[in-house]
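Thanks for coming. I will go through one model today, starting with its surface, then salt bridges, then a few separate items.

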Amino acid sequence: MSIRRKILLYFSATIISLLGITLFFIYTLFYEYREEEFQQKQKQKITSTIKFLTEIKQADESIIQAMDRISINEFYDEKLLIFDHAKELIYSSIDDLQIPENEVKDILSVLTVAHPWLETKDDLYDVVGVYVKYNNNTYYGINKAFDESGYSKLDFLRYVLIFTFLGIALVVILIAYYLSRIIAEPIVDITEKITDYNFDTLYIPIEVKRSENEIVVLAEQFNKLMKRMKEAVSFQKHAINHISHELKTPIAVLVSNFERMENETDLAVLKAQIGRQKEDTKNLSEIINLLLELSKTDAGQSIPKTKIRVDELIFDTIDELAQLYPNFEFSLDYMGPTDNEDFLTIQGSARLLKAAFMNLMVNSIHYSSNNEGNIHIITSPNQLQIDFINKGPVITTDEQKYLFQHFFRGQNSKGKSGFGLGLVFIHKIISQHNGVISYTTDEKNLNNFSVIFPLENV
């Protein structure tokens, strides 16, 4: 069942049920009130008749009957019986309606000083019995009558309530239908957009009419989810399609190198080939490891984070690179206060950050024209900035906007091996640590990659 039909059904059923119960309660109250009111009239009729009979008991019987027809007999289809203290009948109304003798005896047997009132029903007739003490005399009265006016009003009320129920129920259904369309429309719209969502197209967020309700929140959260999923799908698509294609050549080169090494007899040449082979293999291994590590974050898994002293991590990375590139020299300078260790500490993954820093340093090595690189650590209470600087061919202004895209390689990378993936991985790692990375250059042909981490969460 669709959500629109559920809203229509649940809302209508609830309101109509409450309406029906309310109207039935009103009818029941009126029904009880009619009975109570009519029986009180019967009691009053009995009492007034007893008083009247007592006052004119010496009068002619024809006068009593005339008064019975004119004033006393005010109910439709009624029978009134009055008994004296000995339960002897002293008055009977002229109506044709009869009260069975056994019923009369049962009523008289119940009426006493302790129980002066009795009420019962005989089909639609109301029957009351009354014990009356008047002028030191005891009387018993029994009245059986049909409340024509009351039942007529009750019938009218029933019809009014039925038509009211039907009318309001129809209005409720129409309102529920209208509201269900209004409430379900954005959900249906989102559902249709989700159904037709294509990860191969450009990311376009789902738009809904702005309002303060859960639909907007749902759309916003879905947009965030879709953005992450699209990034993950895009990353995997690029990694699977393009990397698999790009790895064909270096793998073929590795195989070719092995073939040449098999035929090589000069030990020095063979040693050089093995060293070059080790370097190429390490580069491929590093890319694969980095892909696997980042794929965990793209799949929605959070990376484990610990407190990391950034300068110590950079020193370790410099030491490792010194073994591979002994002719290259990094200088590290502190700028800003260093007496507070918190200014140099962030929350993060040491493995990922080390991979990012190593890629930045390797870029400095590969693109440096003087075998020198500078690292500036700029401290402050709010943020930690690390600049990786080297002198060499720069990235042009037109190329800088593509710097962090998959497989982009600038003009300065001509003649150098690589896949154009390093800066993409670096950007993703820095983003995972709530940091930002940027590139600047100047007229002195200095390449400067700046990484900034906020310190508010340390």
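Before the first item, a word on terms: helices and strands here are DSSP runs, numbered from the N terminus, with a helix needing at least four residues and a strand at least two. The model you see is predicted.

Let me begin with the surface. Which helices each supply at least two residues of the nonpolar patch? They are helix H1, residues 3–55, and helix H4, residues 148–195. The patch consists of Phe11, Ile15, Leu18, Val171, Ile175, Tyr178, Leu179, Ile182 and Ile183. Together these residues have about 760 Å² of accessible area. Six residues of the patch come from H4, which gives the most. One of the patch members is Tyr178, and its place is in helix H4. Tyr178 has a relative accessibility of 52%, so it counts as exposed. The cut-off for that word is over 50%.

Next, the salt bridges. How many does the structure hold? There are eleven, and I will take three of them.

Are the two partners buried or exposed? Lys121 is at 30% relative accessibility and therefore counts as partly exposed. Glu35 has a relative accessible area of 15%, so it is buried; the limit for buried is under 20%. Both residues also belong to a network of salt bridges, in which Arg34, Glu35, Lys121, Asp126 and Asp147 are linked.

The next pair is Lys144 and Asp122, whose side chains meet in a salt bridge at 2.6 Å, N to O. Here too the pair links distant parts of the chain: Lys144 is in strand E5, residues 137–146, Asp122 is in strand E3, and they are 22 residues apart. Lys144 has a relative accessible area of 5%, so it is buried. Asp122, at 27% relative accessibility, counts as partly exposed.

The last pair is Glu101 with Lys105, where the closest N and O atoms of the salt bridge are 3.7 Å apart. Where do these two residues lie? Both are in helix H3, residues 101–110, and they are four residues apart, about one turn of the helix. Glu101 is exposed, with a relative accessible area of 58%. Lys105 is exposed as well, with a relative accessible area of 53%.

Now to helix packing. Two packed helices are described by the angle between their axes and the distance between the axes. For helix H8, residues 310–324, and helix H9, residues 350–366, the axes come within 10 Å and cross at roughly 50 degrees. Why is this pair called oblique? Angles under 35 degrees count as roughly parallel, and 65 to 115 as roughly perpendicular. At roughly 50 degrees, H8 and H9 are therefore oblique to each other. Their crossing is right-handed.

Some backbone items follow. Asn136 has a positive phi of about 60 degrees, although it is not a glycine. Asn136 is found in the loop between strand E4, residues 125–134, and E5. At 73% relative accessibility, Asn136 counts as exposed. Asn434 is also not a glycine, and it has a positive phi of about 60 degrees. Where is Asn434 found? It is in the loop between helix H11, residues 422–432, and strand E11, residues 436–441.

Val255 has a relative accessible area of 44%, so it is partly exposed. From Val255 to Gln277 the spacing is 22 residues in sequence and 9.7 Å in space, C-alpha to C-alpha.

Note on methods: Residues numbered from 1 in each chain as written. Predicted model: local features only at pLDDT ≥ 70, side-chain atom pairs only at ≥ 80, totals over all residues. Heavy atoms only, no water. Patch = residues over 30% accessible without salt bridge, like charges linked within 9 Å, V, L, I, M, F, W, Y side chains within 5 Å. Areas by Shrake-Rupley, 256 points an atom, 1.4 Å probe, with all protein chains shown as cover. Salt bridge = Lys/Arg side-chain N within 4 Å of Asp/Glu carboxyl O. Buried < 20%, exposed > 50% of the residue type's maximum accessible area, 1.4 Å probe, protein only. Axes fitted to C-alpha atoms, helices over the stretch in contact; angles between N-to-C directions. Parallel < 35°, antiparallel > 145°, perpendicular 65-115°, else oblique. Left-handed = near helix turned anticlockwise from the far one by under 90°.
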